[in-house]
Amino acid sequence: MEPMDIVGKTKEDASLPKATMTKIIKEMLPPDVRVARDAQDLLIECCVEFINLISSESNEVCNREDKKTIAPEHVLKALEGLGFGEYIEEVYAAYEQHKLETVDTVRTGKLSNVAEMTEEQALAEQQRMFAEARARMNGGITVPKQSDPEPQGPQPSLNT
Amino acid sequence: MQANIAKARIKKIMQADEDIGKIAMAVPLLVSKALELFLQDLCDRTYEITLKKGAKTLNSLHLKQCVQSFHVFDFLKDTVSRVPDLGASDAAAEDRSAAKRRKISEDEEDGNDDESKKARVVS
């Protein structure tokens with residue numbers, strides 16, 4: 001997919017921030033190295049081309065797997081297919097780090113929900129499960145799975 | 001070092017492609033990291049050529065030759081194709097971009113001006 005094929009859409013609008021990129025490029029090279037202005041611009045264009053390349057390839061991987069949303073796994077496979085397999089380890093590490101940083105908020109939410117169950121409620125819940133297990137045993141039905149909290153079939157009613 | 005190169009812009013660039021549909025939230029992050037690694041590789045390999053030529057300034061010709069030297073950079077062949085191979089034509093390219101440059105004055109580019117002037121005198 002060539003950028004020029006997109007008619008009516010100014011791809012120049014969707015470019016990378018020049019000042020930021022210039023700084024990054026300078027940091028990537030040894031400190032005493034100068035970069036010609038046109039080379040700066042060209043490097044940024046190469047970056048955009050790289051993004052386009054990864055996007056297209058990821059999209060193809062996605063389509064091949066009959067998925068509708070481009071997922072991280074598709075990007076990793078795309079990198080492999082394009083000859084950038086050596087990037088996979090670091091890219092995946094960055095992804096894992098990102099997951100850790102975002103899941104924490106979700107996890108905290110879930111934990112606080114559990115903690116909201118008071119001790120009384122937790123105790124009541126425990127009693128209920130014990131009672132069910134007892135009832136099953138007393139009912140004369142040998143149920144090997146005692147750990148299964150779900151009632152199996154008709155249960156004698158409890159009068160506790 | 002910026003860990004995430006402009007994720008929002010990356011997403012914008014990706015979605016400018018009409019063929020691309022939905023993108024999972026984490027994807028721009030992965031692309032950003034891959035881009036960082038790619039750019040580092042591109043800079044490193046181009047700079048090797050700059051050194052080999054004994055130049056102090058990395059220019060487009062070095063970049064073009066770098067792209068031509070590695071298969072993995074084949075997708076960049078069109079992008080660098082407009083870079084002229086001859087040194088004399090480089091000066092012409094400098095003239096064209098000189099007007100742009102005067103609008104945005106940056107100190108570090110002055111050195112480059114001197115170099116290109118020297119080159120013109122020599123050739």
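Q: Leaving aside neighbours within four places in sequence, what is B:K33 in contact with?
A: B:K33 is in contact with A:E90, A:V91 and A:A94, where contact means heavy atoms within 4.5 Å. This is a predicted model, in which local features need pLDDT of at least 70 and side-chain atom pairs count only at pLDDT 80 or more, while totals for chains, interfaces and linings use all residues. Residues are numbered from 1 along each chain as its sequence is written, chains are lettered from A and ligands numbered from 1 in the order in which they are written, and side-chain values use heavy atoms, with hydrogens and water left out.

Q: And where does B:K33 lie?
A: B:K33 lies in helix α2 of chain B. Helices (H or I, at least four residues) and strands (E, at least two) are DSSP runs, numbered from the N terminus.

Q: Buried or exposed, that lysine, B:K33?
A: B:K33 counts as buried, at 16% relative accessibility. Buried means under 20% relative accessible area, exposed over 50%, and partly exposed in between (1.4 Å probe, protein chains only).

Q: Which residue meets the side chain of B:K33 in a salt bridge?
A: The partner is B:E36, at 3.3 Å from N to O. A salt bridge is a side-chain nitrogen of Lys or Arg within 4 Å of a carboxyl oxygen of Asp or Glu. B:E36 also counts as buried, with 10% relative accessibility.

Q: How are B:K33 and B:E36 separated along the helix?
A: They are three residues apart in helix α2 of chain B, which means a separation of about one helical turn. In general, an α-helix has 3.6 residues a turn, so residues three or four places apart point the same way.

Q: Let us turn to the interface. How many residues of chain B are in contact with chain A?
A: On the chain B side there are 59 residues, in contact with 59 residues of chain A. Between them the chains bury about 5,600 Å², with 69% of that on carbon and sulfur atoms. Buried area is the accessible area (1.4 Å probe) that two parts lose on being put together, summed over both.

Q: Which three residues supply more of the area that chain B buries than any other three?
A: Those are B:I13, B:L30 and B:F75, with 11% of the area that chain B buries against chain A.

Q: How many salt bridges does the rule find across the interface of the two chains?
A: The rule finds one. It is formed by A:E45 and B:R82, whose closest N and O atoms are 2.9 Å apart. A:E45 is partly exposed, with a relative accessible area of 31%, and B:R82 counts as exposed at 57%.

Q: What about polar contacts between the chains, how many residue pairs?
A: The count is 13 residue pairs, both residues at pLDDT 80 or more. A polar contact is a pair of N or O atoms within 3.5 Å; within protein, one must be able to donate a hydrogen and the other to accept it, and residues adjacent in sequence count only if both atoms are side-chain atoms.

Q: Which element gives the largest share of the side of chain B that touches chain A?
A: That is α2(B), with 18 residues. By class, this side of chain B has 31 nonpolar, eight polar and 20 charged residues. Ala, Val, Leu, Ile, Met, Phe, Trp, Tyr, Cys and Pro count as nonpolar, Asp, Glu, Lys and Arg as charged, and the others, Gly among them, as polar.

Q: In what sense do β1 of chain A and β2(B) pair?
A: Strand β1 (residues 34-35) of chain A and β2(B) pair in the parallel sense, over two bridges; strands pair if DSSP finds at least two bridges between them. In β2(B), B:T57 is the bridge partner of A:R34.

Q: New topic: how many helices and strands has chain B?
A: Chain B has six helices and two strands, in the pattern α-β-α-β-α-α-α-α along the sequence. Of its 123 residues, 45% count as buried.

Q: Why is α3(B) described as largely enclosed?
A: Seven of the ten residues of α3(B) are buried, so the helix is largely enclosed by the rest of the structure. Among the buried ones are B:L61, B:H62 and B:K64. At the start of α3(B), a side-chain oxygen of B:N59 reaches to within 2.9 Å of the backbone nitrogen of B:L61.
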